[in-house]
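Morning, everyone. Please have the sequence and the model open while I talk.

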Amino acid sequence: MNVDIEAWFAVIDWRDAMFGFAFYYPILMAWMWIIGGLWFYLRRERGKDMTPRLETLGPDVPHASIIIPCFDEADQVEQTIRYALATRYPDFDVIAINDGSHDGTGAILDRLAEKYERLRVIHFATNQGKAVALRAGALAAPSDYLVCIDGDALLHPYAVYWMMQHLTGGPRVGAVTGNPRILNRSTLLGKIQVGEFSSIIGLIKRAQRTYGRIFTVSGVITGFNRAALDSIGYWRADMVTEDIDVSWRLQIHHWDIRFEPEALCYIYMPETLKGLWQQRLRWAQGGVEVMLRYGRRLLAWRQRRFWGVALEYLTSLVWAYVMLTIAILFCVGWFVPLPPRWQVATLLPQWNGLLLGATCLSQFLVSLSIDQRYERAGFLRHYFWVIWYPLLYWTLSTLTAVVAVPKTLLASRRQRARWKSPDRGIQS
């Protein structure tokens, strides 16, 4: 049977198809996250005794090393080190890597090392990048289990305990990603991000863990099995986001990655549009990088548990470009007459917008209900602020995804990724 391709394209109403995809794709994914997150909660969190039982560990508890790469962290590093040293776990040490800082980070670390026996410091003469700093800390660590946190992160006293429960609980557990919580919440951007980490990121990690593979561990707090890192060659220095890259390589090599919501770590996030843009663009670029580098390897049948995560990411990129196309058609239509089939009269959703809004509110309600035990502030306060999430962050994620694809394709290969001190918001 001959198919008239031109006639087929002529019949399809591409405008309606784009609008349908733009509005129904987020609805589909929201319900996938809700179902997967609820399944994780019912199986792994509800009714579980979350009281740390240090007395049950015994005398031969495995040693843990806390790795802290630091670059220009003079304002925050002392507090970070003190929180890490306050860890409630019987046997651990702390290794801080001063990655060629230009400020007083190195002097502060040396002063603290003289005071605290558990703390060791490694100095780089010049900035080598976070991946190299992490590798140096891992190679210097005496432990087979590494808990890696950022130089501005505040570790919960029992975070290491909860991570070690996973890392020592199975031979194929390669990593455990923790549960970052936002500290700065004095601006609208800060308050929305509190809700985002509770209702979006936490729920997605729960769902991804349920469905098979986690897109990325948290760069803020993750525990690693040294054997798993050694099998993949540790972190790569030429990837923009070392956390996404190491997550994919571990799982491609069939190491298990888990999510532990009790492994809390407190962080400061950007509270300016410029800082938020730079952070999210780096995240988006990291996702494109791993798809380009490892996408073909995922076609193997042995990687089938990864297919859902990869397909969702690729679809989200298509969604971003569809949203951009709709916006461009709308703007062009104000100045240039377009054929009726390409006219976009409004960017506002119609009746399906009510369905999208109701789905978002349902997702936020479910996720915040699950996550409220890990937050200081009240449930309703987060719920009020997180309803603004779609307006701001869908726009931001669309633009960063659109920019990240050509930026990654045009970037020079094998260029070492070095970090800059990020915007950490207004700290009270």
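This is a predicted model: local features need pLDDT of at least 70, side-chain atom pairs count only at pLDDT 80 or more; totals for chains, interfaces and linings use all residues.

Residues are numbered from 1 along each chain as its sequence is written, and side-chain values use heavy atoms, with hydrogens and water left out.

Cysteines. A disulfide here is a pair of cysteine sulfur atoms within 2.5 Å. That rule gives 0 disulfides. Now accessibility. Buried means under 20% relative accessible area, exposed over 50%, and partly exposed in between, with a 1.4 Å probe and protein chains only. Cys148 is buried, at 7%. Cys331 is partly exposed, at 43%.

Next, phi. Most residues other than glycine have a negative phi. Asp72 has a positive one, near 50°. Asp72 sits in the loop between strand 1 (64–70) and helix 3 (77–85). Helices (H or I, at least four residues) and strands (E, at least two) are DSSP runs, numbered from the N terminus. His254 is also not a glycine, and its phi is positive, about 70°. Its loop runs between helix 9 (242–252) and strand 8 (256–267). Why does His254 count as partly exposed? Because its relative accessibility is 26%.

Last, Asn179. Find it in strand 6 (residues 173–182). Asn179 is buried, at 3% relative accessible area. Contact means heavy atoms within 4.5 Å. Leaving out residues up to four places away in sequence, Asn179 touches several residues, including Ile221, Phe259, Asp371 and Tyr374.
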